Amino acid sequence: MAHGEVLEFEEYVRTRQDALLRSARRLVPDPIDAQDLLQTALVRTYGRWDGISDKRLADAYLRRVMINTRTEWWRARKLEEVPTEALPDASVDDSTEQHADRALLMDILKVLAPKQRSVVVLRHWEQMSTEETAAALGMSAGTVKSTLHRALARLREELESRGFEGRAFVPGKAGKERERCAA
């Protein structure tokens with residue numbers, strides 16, 4: 001890689017680091033794992049940086065690398081954990097409703113398969129369109145829609161099992177817009 005491209009990559013990382021870490025944090029529940037995920041994705045992207053002809057698409061490329069890496073990690077995990085009927089309560093240090101809602105959402109996202117989680121994160125947190133999500137994940141728009149539908153239904157089931165029958169959360173929205181009361 002030429003010296004100019006190295007400097008260009010370093011500048012890209014400096015300017016986009018916070019946004020990319022937020023994306024990684026939404027893909028994996030643990031903050032340390034999110035940092036590892038981003039670091040791994042950056043290393044993999046660095047080796048291919050000169051192959052990205054349109055640098056405006058670097059975020060989409062890096063998100064795809066993060067999703068692929070997270071999927072690889074999920075597939076390679078050791079299945080020492082034993083699934084249980086009851087999930088542990090999420091502990092929240094900050095007592096504000098927004099932090100509690102965020103902790104709950106991050107906790108219930110763990111019930112989704114990696115593909116479903118990727119679709120939910122890209123559509124609702126990254127606020128990508130159906131077509132953008134399909135392109136980022138390498139699937140058709142119809143598959144994105146059906147996967148999102150199934151994922152949201154699964155999240156609703158999980159919320160109901162935890163006693164949140166009257167509330168429907170919409171990821172990525174703030175304040176009162178986040179929840180709506182069931183009629």
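**Helix α7 and the rest of the fold**

Modeller: To begin with, this is a predicted model. On the face of α7 turned away from its buried side sit the exposed residues Lys-145, His-149, Arg-150 and Ser-161.

Colleague: Which residues of α7 are buried, and why do they line one face of the helix?

Modeller: Seen down the axis of α7, the buried residues fall within an arc of 110°, so they line one face. Buried here means under 20% relative accessible area. The residues of α7 that are buried are Val-144, Thr-147, Leu-148, Ala-151, Leu-155, Glu-158 and Leu-159.

Colleague: How far does α7 reach from its first C-alpha to its last?

Modeller: Helix α7 covers residues 141–161, which is 21 residues. At 1.5 Å a residue, 30 Å is expected, and the computed reach is close to that. From first C-alpha to last, α7 reaches 30 Å.

Colleague: Which residue just after α7 takes a positive phi?

Modeller: The phi in question is about 90°. The residue, just after α7, is Gly-163.

Colleague: In what order do the elements of the protein run?

Modeller: The secondary structure comes to seven helices and two strands. From the N terminus on, the order is α-α-α-α-α-α-α-β-β.

Colleague: Is Met-106 buried or exposed?

Modeller: Met-106 lies in helix α4, residues 97–108. Its relative accessibility is 11%, and the cut-off for buried is under 20%. Met-106 therefore counts as buried.

Colleague: Which residues does Met-106 touch, not counting those up to four places away in sequence?

Modeller: Along the chain, Met-106 and Leu-27 are 79 residues apart, yet their C-alpha atoms are separated by 9.3 Å. Leaving out residues up to four places away in sequence, Met-106 touches Arg-25, Arg-26, Val-28, Pro-29 and Arg-117.

Colleague: Which residues line the largest cavity?

Modeller: The structure holds one cavity of 30 Å³ or more. Its volume is about 30 Å³. By class, the lining has four nonpolar, one polar and two charged residues. The lining residues are Ser-23, Leu-27, Arg-63, Ile-67, Val-121, Leu-122 and Glu-126.

Colleague: Which elements give two or more residues to that lining?

Modeller: Leu-27, whose C-alpha is 9.3 Å from that of Met-106, is one of the lining residues. The elements that give two or more are α1 (3–27), α3 (58–76) and α5 (114–125).

Colleague: What percentage of the residues in the protein is buried?

Modeller: The protein has 183 residues. Buried residues make up 36%.

Definitions and conventions
Residues are numbered from 1 along each chain as its sequence is written. This is a predicted model: local features need pLDDT of at least 70, side-chain atom pairs count only at pLDDT 80 or more; totals for chains, interfaces and linings use all residues. Side-chain values use heavy atoms; hydrogens and water are left out. On a 1 Å grid over the protein atoms alone, a cavity is a set of points where a 1.4 Å probe fits but cannot get out, and a pocket is an open set with protein on both sides within 12 Å along at least five of seven lines; lining residues have an atom within 4 Å of a point. Grid points are joined across faces, edges and corners, and a volume is the space filled by probe spheres set on the points. Helices (H or I, at least four residues) and strands (E, at least two) are DSSP runs, numbered from the N terminus. Ala, Val, Leu, Ile, Met, Phe, Trp, Tyr, Cys and Pro count as nonpolar, Asp, Glu, Lys and Arg as charged, and the others, Gly among them, as polar. The expected span of a helix is 1.5 Å times one less than its number of residues. Buried means under 20% relative accessible area, exposed over 50%, partly exposed in between (1.4 Å probe, protein chains only). The arc is that of the directions from the helix axis to the C-beta atoms. Contact means heavy atoms within 4.5 Å.
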